[in-house]
Amino acid sequence: MTATIDKPTAPAEAGRSARSLVDTVFRAREISIAGALVLLVLFTWIAEPRFLNDQGVKDLLLNAAILVLLAVGQSVVVVTRNIDLSVGSVVGLSAFACGKFVSGTDHGPLLVALLGIAVGAACGLVSGSLVSFGKVPALVVTLGMLYIIQGVDYWWAEGEQINAADVPQPVLDLGSGSVLGIPYLPLVSFAVLAATAYFLRTYRSGRELYAIGSSPEAARLAGVPIRRRVLGAYVFSGAVAGFAGSLWLARFGTVVADNAHGWELTVVSAVVVGGVAIVGGTGTVWGAALGALLLTTIGSALSVLKVDSFWEDAIAGALLLAAISVDRIVNVRMTRALRKRSAR
């Protein structure tokens, strides 16, 4: 009696080929971003050696820490084929709420962080409920939430400013302290980044987010709870943005109503430039973090080289258009390649 081994079906082979091809392409994107970042740092260092002195490196890490956090939260939403344009406003609201909470008190950083996470998660819950259960387009919902949160923040603040002198020293120490010469904030951002990457890669619920972004209909037929997963992605993005708001307070001490105003497009740019496809289903939080680091480094380099800050936005916009164009070209070519393989 002879044993027979069934050959993989064509769809299975095509699926593995597609995943392999996609992984290769976006791994190459991340490597190219890292290479561009290294070249940018080297060029700026050659032009201005003080760019990489101890304080310069600390400033680079501190400037990138909050944007990296926001990019991580945004990535989890974008891979589901959605978007969250309210993260900048959530940062502002959370920072002001945390500032009001600790002003003139002796509250520690843990309570501040928990409050920021709660404020952000509540905002994400509203947006996620409307998108996942209300079936309202994500762009409309989160754009509306952006203006609603801004309005609430301005109404609450009434021109008030939270000053660093009113913030407890332990909270300020979180934003200015370091361990072994490395500031706390980048370490916190890296911890959130690593934990999120591990979750998305290891846990079934994390992989299901990619399945939803790749093909919502196929995910539904496979039994994926799409509404719950999308809602969870928005709550996570909001919680991370709220946490970033508490870190904003620790970093700067002084808080006003329009903190992080306009950061929404910067966060989206970082995510897309980092290889997270705007149409969902592909990309990693590591790539998004690299995109955030690249954008903040561009801003720092332009400042050191005394170039007009206008070019920072122009370069970010150009990188965003280039990334979207590359994603589109790659998707078209991968589709053609897979069709040819299937035909053979």
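Serine 237 counts as buried, at 1% relative accessibility; buried means under 20% relative accessible area, exposed over 50%, and partly exposed in between, with a 1.4 Å probe and protein chains only.

First, the ground rules. This is a predicted model, in which local features need pLDDT of at least 70 and side-chain atom pairs count only at pLDDT 80 or more, while totals for chains, interfaces and linings use all residues. Residues are numbered from 1 along each chain as its sequence is written, and side-chain values use heavy atoms, with hydrogens and water left out.

The pLDDT is the predictor's confidence in each residue, from 0 to 100. Its mean for the protein is 84, and 85% of the residues reach 70 or more. Residues 1-18 have a pLDDT below 50, and this stretch has 7 contacts in the model beyond near neighbours in sequence. Contact here means heavy atoms within 4.5 Å.

Now the overall picture. The protein has 13 helices and 2 strands; these are DSSP runs numbered from the N terminus, helices being H or I with at least four residues and strands E with at least two. Of the 344 residues, 45% count as buried. Among contacts with a separation of 6 or more, 79% come from residues 24 or more positions apart.

Back to serine 237, which sits in helix α10. Not counting residues up to four places away in sequence, serine 237 touches Gly73, Gln74, Val77, Asp84 and Val87. Helix α10 itself has 27 residues and spans 39 Å from its first C-alpha to its last, close to the 39 Å expected at 1.5 Å a residue. That expected span is 1.5 Å times one less than the number of residues. After α10 comes glycine 253, with a positive phi near 80°.

What does α10 pack against? One partner is helix α8, residues 204-214: the two axes come within 10 Å and cross at roughly 105°. Axes are lines fitted to C-alpha atoms, for helices over the stretch in contact, and angles run from 0 to 180 degrees between N-to-C directions. The two helices α8 and α10 are therefore roughly perpendicular; under 35 degrees counts as roughly parallel, over 145 as roughly antiparallel, 65 to 115 as roughly perpendicular and the rest as oblique. Ser205, Glu208, Leu209 and Ile212 of α8 meet Ile226, Arg229 and Val230 of α10.

The structure also holds 6 aromatic pairs. Rings of Phe, Tyr and Trp (its six-membered ring) pair if their centres lie within 6.5 Å, with planes under 30 degrees apart counted as stacked, over 60 as edge-to-face and the rest as tilted. Tryptophan 248 and tryptophan 263 form an edge-to-face pair, 5.3 Å centre to centre with 65° between the planes. Tryptophan 248 lies in α10 and tryptophan 263 in helix α11, residues 263-273, so the pair ties together parts that are 15 residues apart in sequence. Tryptophan 248 is buried, at 9% relative accessible area, whereas tryptophan 263 is partly exposed, at 23%.

Helix α11 in turn packs with helix α2, residues 54-78, at an angle of about 70° and with axes 9 Å apart. That makes α2 roughly perpendicular to α11. Residues in this contact include Leu70 and Gln74 of α2 and Trp263 and Val267 of α11.

Last, valine 79, in the loop between α2 and α3. Valine 79 counts as buried, at 2% relative accessibility.
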